[in-house]
Amino acid sequence: MELMDAIRERRSIRVFDGRPVDPAIIDELVDAATYAPSRFNVQPWHFHIAIGAARDRVGQVMAMTTAHLNEYVDILGAEGMEHAARFYADLGTAPVVIGISAKYVEDPTDWLDDTIAVGAALQNLLLSVVEHGLAACSLTAPEWVRDQLVDAFEIPEGAVIMALVVLGYADEEPVEKDRHTDVATYLR
Ligand SMILES: Cc1cc2nc3c(=O)[nH]c(=O)nc-3n(C[C@H](O)[C@H](O)[C@H](O)COP(=O)(O)O)c2cc1C
């Protein structure tokens with residue numbers, strides 16, 4: 001697949017058909033993620049892959065967030081709230097949920113660098129998802145259930161949960177999202 005096709009075709013998918021994902025494919029997604037750049041090549045990421053009973057435990061934690069969604073009513077609107085509530089109740093039946101963690105570092109510049117590196121790894125993973133005919137959505141690890149997520153993903157002491165990825169085979173048509181174009185300034 002051409003890189004630009006994968007970049008353009010990637011969409012956040014929040015409804016899955018429940019089919020399992022071959023662990024060998026998950027390994028390839030993680031492999032793609034590890035080619036991301038990082039400061040001094042520290043590779044700050046770790047991928048905690050929840051499948052089966054572990055995925056259900058993560059799902060139960062995420063379902064608890066539906067009680068807090070009304071905090072976002074101004075951003076999401078009534079329809080968006082309904083969508084979000086449905087999605088968070090069962091994570092769109094995604095068979096795989098990945099937690100991405102990074103070891104916390106005190107230095108703010110290093111922490112910013114590591115956060116960027118995790119974002120680059122996440123995007124590599126999401127593009128590899130497209131190449132494999134899979135679908136995914138990157139999620140914030142919600143503050144309300146952060147501790148429970150750390151437990152569910154068995155994230156070690158000293159590491160921070162940075163993001164979640166729900167993953168599976170799509171059972172919805174991706175929505176076209178507008179893209180801002182006024183995003184670059186040339187300085188000469
Ligand atoms: C860091 C990050 C956090 C996100 N958090 C959430 C989230 O908590 N819930 C959700 O439904 N989507 C989440 N998304 C997906 C965005 O809503 C989505 O990327 C955006 O609307 C653009 O749509 P697209 O991914 O289909 O291009 C997140 C995306 C990123 C990169």
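Partly exposed means a relative accessible area between the buried limit of under 20% and the exposed limit of over 50%. The model shown is predicted.

**View 1. His-46 in strand S1.** Strand S1 covers residues 45–50. His-46 has a relative accessible area of 46%, so this residue is partly exposed. Leaving aside neighbours within four places in sequence, His-46 contacts Gly-99, Ile-100 and Ser-101. Glu-131 is 85 residues from His-46 in sequence. In space, the two C-alpha atoms are 22 Å apart.

**View 2. Arg-55 in helix H3.** Helix H3 runs over residues 52–63. Arg-55 has a relative accessible area of 10% and is therefore buried, as the limit for that class is under 20%.

**View 3. Strand S3 and its pairing with strand S4.** S3 spans residues 135–139. Four of its five residues are buried, so the strand is largely enclosed by the rest of the structure. S4 spans residues 159–168. The two strands pair in the antiparallel sense, over five bridges. Within this pairing, Ser-138 stands opposite Val-165 of S4.

**View 4. A nonpolar surface patch of Leu-3, Met-4 and Ile-7.** Together these residues have about 280 Å² of accessible area. Met-4 lies in helix H1, residues 3–9. Its relative accessibility is 43%, so Met-4 counts as partly exposed.

Key
Residues numbered from 1 in each chain as written. Predicted model: local features only at pLDDT ≥ 70, side-chain atom pairs only at ≥ 80, totals over all residues. Heavy atoms only, no water. Buried < 20%, exposed > 50% of the residue type's maximum accessible area, 1.4 Å probe, protein only. Pairing = 2+ DSSP bridges. Patch = residues over 30% accessible without salt bridge, like charges linked within 9 Å, V, L, I, M, F, W, Y side chains within 5 Å. Areas by Shrake-Rupley, 256 points an atom, 1.4 Å probe, with all protein chains shown as cover. Salt bridge = Lys/Arg side-chain N within 4 Å of Asp/Glu carboxyl O. Contact = heavy atoms within 4.5 Å.
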